[in-house]
Amino acid sequence: MRVLIPGPLRDYTANATVSAEGSTLGGILADLDLQFPGLRFRIVDEQGRTRRHIKFFVDGLQTNDLDRGLNSATEVMIVCALSGG
């Protein structure tokens with residue numbers, strides 16, 4: 001399935017769009033980490049929770065449920081919130 005990668009994480013992928021496989025959002029992240037080592041840790045913390053500044057959109061709908069089931073036609077967009085002062 002198609003995964004859209006935000007600018008701050010493209011140092012890992014070198015592309016704005018990559019392909020990944022998995023039956024859940026967590027499975028997609030695991031596959032991405034196999035392809036691009038270290039990427040998952042930038043998205044999910046040591047307790048397996050999505051980091052506060054990361055949002056996922058699956059077919060345009062926001063979710064942070066890593067157990068959410070996906071199908072091969074799904075598009076996943078990872079979004080990094082901006083912060084600072």
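Accessible areas here come from the Shrake-Rupley method with a 1.4 Å probe. On that basis, the protein chain exposes about 5100 Å², and carbon and sulfur atoms supply 48% of this area. Please keep in mind that this is a predicted model.

**Overall fold**

- The protein chain has three helices and five strands, and along the sequence these follow the pattern β-α-β-α-α-β-β-β.
- The radius of gyration of the protein chain is 12 Å, close to the 12 Å that the globule rule gives for 85 residues, so the chain is as compact as a globular protein of that length.
- Along the principal axes, the C-alpha trace of the protein chain spans about 40 × 25 × 25 Å.

**Burial and contacts**

- Of the 85 residues in the protein chain, 35% count as buried.
- Taking the contacts in the protein chain with a separation of 6 or more, 44% come from residues 24 or more positions apart.

**Charges and salt bridges**

- With a cut-off of 4 Å between a side-chain nitrogen of Lys or Arg and a carboxyl oxygen of Asp or Glu, the count comes to two salt bridges.
- One of them joins Glu75 and Arg2, with the closest N and O atoms 3.0 Å apart.
- Glu75 sits in strand β5 (residues 75-80) and Arg2 in strand β1 (residues 2-4), so this pair ties together parts that are 73 residues apart in sequence.
- Both partners are partly exposed: Glu75 has a relative accessible area of 28%, and Arg2 is at 44% relative accessibility.
- Another salt bridge links the side chains of Arg49 and Asp45, at 3.5 Å from N to O.
- Asp45 counts as buried, because its relative accessibility is 14% and the cut-off for buried is under 20%.

**A look at Asp33**

- Which helix holds Asp33? Asp33 lies in helix α2, which covers residues 25-35.
- Asp33 is partly exposed, with a relative accessible area of 26%.
- Leaving aside residues up to four places away in sequence, Asp33 touches Gly38, Leu39 and Arg40.
- Ala20 is 13 residues from Asp33 along the chain, and the C-alpha atoms of Asp33 and Ala20 are separated by 9.8 Å.

Conventions:
Residues numbered from 1 in each chain as written. Predicted model: local features only at pLDDT ≥ 70, side-chain atom pairs only at ≥ 80, totals over all residues. Heavy atoms only, no water. Helix = DSSP H or I, 4+ residues; strand = E, 2+ residues; numbered from the N terminus. Buried < 20%, exposed > 50% of the residue type's maximum accessible area, 1.4 Å probe, protein only. Rg over C-alpha atoms; globule rule 2.2 N^0.38 Å. Contact = heavy atoms within 4.5 Å.
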